[in-house]
Amino acid sequence: MKPAHYVNGAFTAAGTAFPLRSPVDGREIGTVPEASRETVDEAVRAARAAVEGPWGRTSVEERCAYLRRIADGIEARFDEFVAAEVADTGKPRDLAATVDIPRAIGNFRSYADLAYGRPERAYPTTVPGWSGSGRALNYTVRRPLGVVAVISPWNLPLLLLTWKVAPALAAGNAVVAKPSEETPSTATLLAEVIDAAGLPAGAFNLVHGHGANAAGEHLTAHPGVDAIAFTGASATGSAIMRNAAAHVTPVSFELGGKNPALVFEDADLEEAVEGTLRSSFTHSGQICLCTERVYVQRPVYDAFVEALAERARGLRDYGPMISAEHRDKVLSYYRLAVEEGATVLAGGGVPVFGDARDGGYYVEPTVVAGLPQTARTVREEVFGPICHVAPFDDEDEAVRLANDSPYGLAATVWTTDLSRAHRVAPRIEAGIVWVNCWNLRDLRTPFGGVKASGIGREGGEYSLDFFSEPVNVCVKI
Ligand SMILES: NC(=O)c1ccc[n+]([C@@H]2O[C@H](COP(=O)([O-])OP(=O)(O)OC[C@H]3O[C@@H](n4cnc5c(N)ncnc54)[C@H](O)[C@@H]3O)[C@@H](O)[C@H]2O)c1
Ligand SMILES: O=C/C=C/C=C(\O)C(=O)O
């Protein structure tokens, strides 16, 4: 699989090639073309021609049929997509095969169903004293935004790319997508599937490359872009927002997190330990929803922390960090935690496998304790397999600790007290709160964060709302 741009219905490798490395052992596994400003401009122009031409003339039924064909196309090449996602990210194969690729298929199918069945409102109006009958009919229709820029990250490459592309296309927009420079492969396969599905040229375009001062920025600063849907770091969101400001371009942002877990004394402790192990260390902590702060009610603190640390020390089949740079960033936080006075209860360094993986970007699953809320380790997103544990005494303190963060994306609450669950969850400053579970997903629900974790919501109607403009039509009767 050789990563390539897909512009106006044609594949091209135009641009300077940069290396693609395996996070498992550091080997070069391919090269990726860096899209120039001209290539990005060509993609935006192709998208504009499509949305003002054949793609703009499609009905919602036709677009939903295309989405179903794309889903079928991914399914038909399932193993290729799994292999490509594993090669780029180093994640365990079962994770790609049970989460990443099935969810990409699900993204297209769920939006095909939702967009097709979506009703709009109408209001029979009577305005006493208005000339004539004083009656009118108000109804709402939705127009696509036009050309949408989609910028996606490296942790769930196909899942998060398609989470935006599917609703954007369903709503009738043309898309220019720029995946992470770290993970170009499944995006290229997606372009092949979309090409085979027969969408009009320019409806979907794909450009590869880096972000700042490169393809990503060329795209988000392009005057021909009508909206930006971005998932990535909060700092990147700020940079993109500055570019978007010049043209007042609407943005949808899914950004960073520093997600808390609250474990109450009445929790099912084994369930809470198992759930927190998953929420902290799945994909080696490289999921925006992962837990990096754990607060445990004092009576069960010692038992919980000992069990979590022991389970973390026992983890074996975990993947690497995405790059040497990210590995170094995570290890710098491991060192920082100790410098700030933390006690390391599990991990804290680099595993030794005695095989090719020692050339990769692995770090140990890590549990630390003993830091104040003001510590950088407790306030800043690491985006790796580390969580900090601390005790609390009562509900109000638990909520205060959870909310004491610049982020507000997701949280987990572990308690068997139903009333407590319903009291605490709505008080947490987050977009998503799971009770006695983690990352249990219904694609119709709102997904996104508050504060530095994002702007807007994705998922279900929320995405279709972002990717279209309501127009109210009032007809005097
Ligand atoms: N909230 C969510 O749903 C969610 C999901 C996944 C990851 N994330 C966040 O993403 C981060 C990790 O992913 P990452 O390292 O790929 O993030 P990143 O912000 O470094 O890069 C994300 C994407 O933005 C591009 N980019 C970078 N700088 C840019 C710029 N100035 N202009 C335009 N594009 C630019 C990159 O090339 C990449 O495609 C973490 O902070 C994580 O929390 C959030
Ligand atoms: O990595 C951060 C975002 C994850 C999103 C999902 O897992 C999802 O949409 O189900």
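**Close-up views of a predicted model**

**View 1. H283 sits in the loop between α9 (269–281) and β13 (291–297).** Helices (H or I, at least four residues) and strands (E, at least two) are DSSP runs, numbered from the N terminus. The model is predicted: local features need pLDDT of at least 70, side-chain atom pairs count only at pLDDT 80 or more, and totals for chains, interfaces and linings use all residues. Residues are numbered from 1 along each chain as its sequence is written, chains are lettered from A and ligands numbered from 1 in the order in which they are written, and side-chain values use heavy atoms, with hydrogens and water left out. The phi of H283 is near 50 degrees, a positive value in a residue other than glycine. Most residues other than glycine have a negative phi. H283 is buried, at a relative accessible area of 7%; buried means under 20%, exposed over 50% and partly exposed in between (1.4 Å probe, protein chains only).

**View 2. V248 lies in the loop between α8 (234–245) and β11 (251–254).** V248 is a residue other than glycine with a positive phi, near 50 degrees. Its relative accessibility is 71%, so V248 counts as exposed.

View 3. The structure holds 0 disulfides (pairs of cysteine sulfur atoms within 2.5 Å). C290 is buried, with 4% relative accessible area. C288 also counts as buried, at 19%.

**View 4. H218 belongs to helix α7 (residues 215–220).** With residues up to four places away in sequence not counted, H218 touches A35, S36, R37, V40 and N213; contact means heavy atoms within 4.5 Å. H218 and S36 are 182 residues apart along the chain, and their C-alpha atoms are separated by 8.2 Å. H218 counts as buried because its relative accessibility is 14%.

**View 5. L137, Y139, V141, V475 and I477 make a nonpolar surface patch of about 360 Å².** Patches are made of residues with over 30% relative accessible area and no salt bridge; like charges are joined within 9 Å, and nonpolar side chains (Val, Leu, Ile, Met, Phe, Trp, Tyr) within 5 Å. A salt bridge is a side-chain nitrogen of Lys or Arg within 4 Å of a carboxyl oxygen of Asp or Glu. Accessible areas come from the Shrake-Rupley method with a 1.4 Å probe, and for residues only the protein chains shown count as cover. Strand β6 (residues 135–144) gives the most to the patch, with 3 residues. V475 is in strand β22 (residues 468–476) and is partly exposed, with a relative accessible area of 37%.
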